[in-house]
Amino acid sequence: MKFDILILAAGFGSRLKSLTKDKPKALVEYKKKKFIERQVKSFDEEIINKIIVVVGYKSNKIKTFLKAKFPNKKFLFIKNNNYKRNSSGQSFFYAHKFIKTKEYIHLNCDCIFTKTLMDKIVKSKKKNLISVRSDLMLKDKMENAEVYKNQIIQMKLTTNKKRKFKAFGVAKISRKAMYKNIKLYKKLSSDEKLRVNYFSLVRKNLKNIKYFAIKTDKKNLHEINSQQDLKNCILND
């Protein structure tokens, strides 16, 4: 089965401070490999239909790098011209019409992970999968997930005893689920469309679509929001 792969890479990455002064966060490096390079290399060639990259901040640097590094891969670049004001929900909206496969791989560019994890996601028979970890300190404003028999029952931006996992922007999502999320997005006000995070839409649709958790750990998945996150990263290459 082939997948369209969507990488959201439009934002500033301002919390990474000096590391993103002259480049987008997708081009920040961990162990001498850029985040987006690691993501692309995690896929076997035979499962890729195309790679859709939503770009914004210093977009030409991402385009130039990917075309030079992976000259034989099929990239489709979508420009988010409103990246200074909007969030990942609107980035996704700009890209969704170009997703044609029955299921697609959804990646936030600040998530780095092992090929081992991606192989599990791709090979799983579940149509809607979200990567989660329980081996970290959960805090408010994270996507805190309650999981029962591997199904994600709820996700909230607050903690409680039942929410034992953090959900990450490394997922496999079906077209049916995608359209449910887009339907929600279209109902939002203009201001809400600017501010909404894509996983907020996922969260609100958990009652309508079954999402399952693929459980992993710090050796296989990290989200890099700050320079401290980068220092603490121990990805098992």
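User: Which residues line the second largest pocket?

Analyst: In this predicted model, the second largest pocket is lined by K33, R38, K41, S42, F113, T114, K115, T116, N220, L235, N236 and D237.

User: What volume does the largest pocket have, and which residues are the closest to its centre?

Analyst: The largest pocket has a volume of about 1300 Å³, and of the 44 residues that line it, R15, D110, N197, E223 and N225 are the closest to its centre. Several elements give two or more residues to this lining, among them β1 (3–9), α3 (88–96) and α8 (227–232), while β11 gives the most, with four residues. By class, the lining of the largest pocket has 15 nonpolar, 16 polar and 13 charged residues.

User: How many aromatic pairs does the structure hold, and which residues do ring pairs link into a cluster?

Analyst: Rings are read as pairs according to how far apart their centres lie, with a cut-off of 6.5 Å. The structure holds ten aromatic pairs, and ring pairs link F92, Y104, Y198 and F199 into a cluster.

User: Where does K126 lie?

Analyst: K126 lies over the face of F212, at 4.1 Å from the ring centre, and K166 lies over the face of F168, with a distance of 4.1 Å from that ring centre.

Conventions: Residues are numbered from 1 along each chain as its sequence is written. This is a predicted model: local features need pLDDT of at least 70, side-chain atom pairs count only at pLDDT 80 or more; totals for chains, interfaces and linings use all residues. Side-chain values use heavy atoms; hydrogens and water are left out. On a 1 Å grid over the protein atoms alone, a cavity is a set of points where a 1.4 Å probe fits but cannot get out, and a pocket is an open set with protein on both sides within 12 Å along at least five of seven lines; lining residues have an atom within 4 Å of a point. Grid points are joined across faces, edges and corners, and a volume is the space filled by probe spheres set on the points. Ala, Val, Leu, Ile, Met, Phe, Trp, Tyr, Cys and Pro count as nonpolar, Asp, Glu, Lys and Arg as charged, and the others, Gly among them, as polar. Rings of Phe, Tyr and Trp (its six-membered ring) pair if their centres lie within 6.5 Å; planes under 30 degrees apart count as stacked, over 60 as edge-to-face and the rest as tilted. A charge sits over a ring if NZ of Lys or CZ of Arg is within 6 Å of the ring centre and within 35 degrees of the ring normal.
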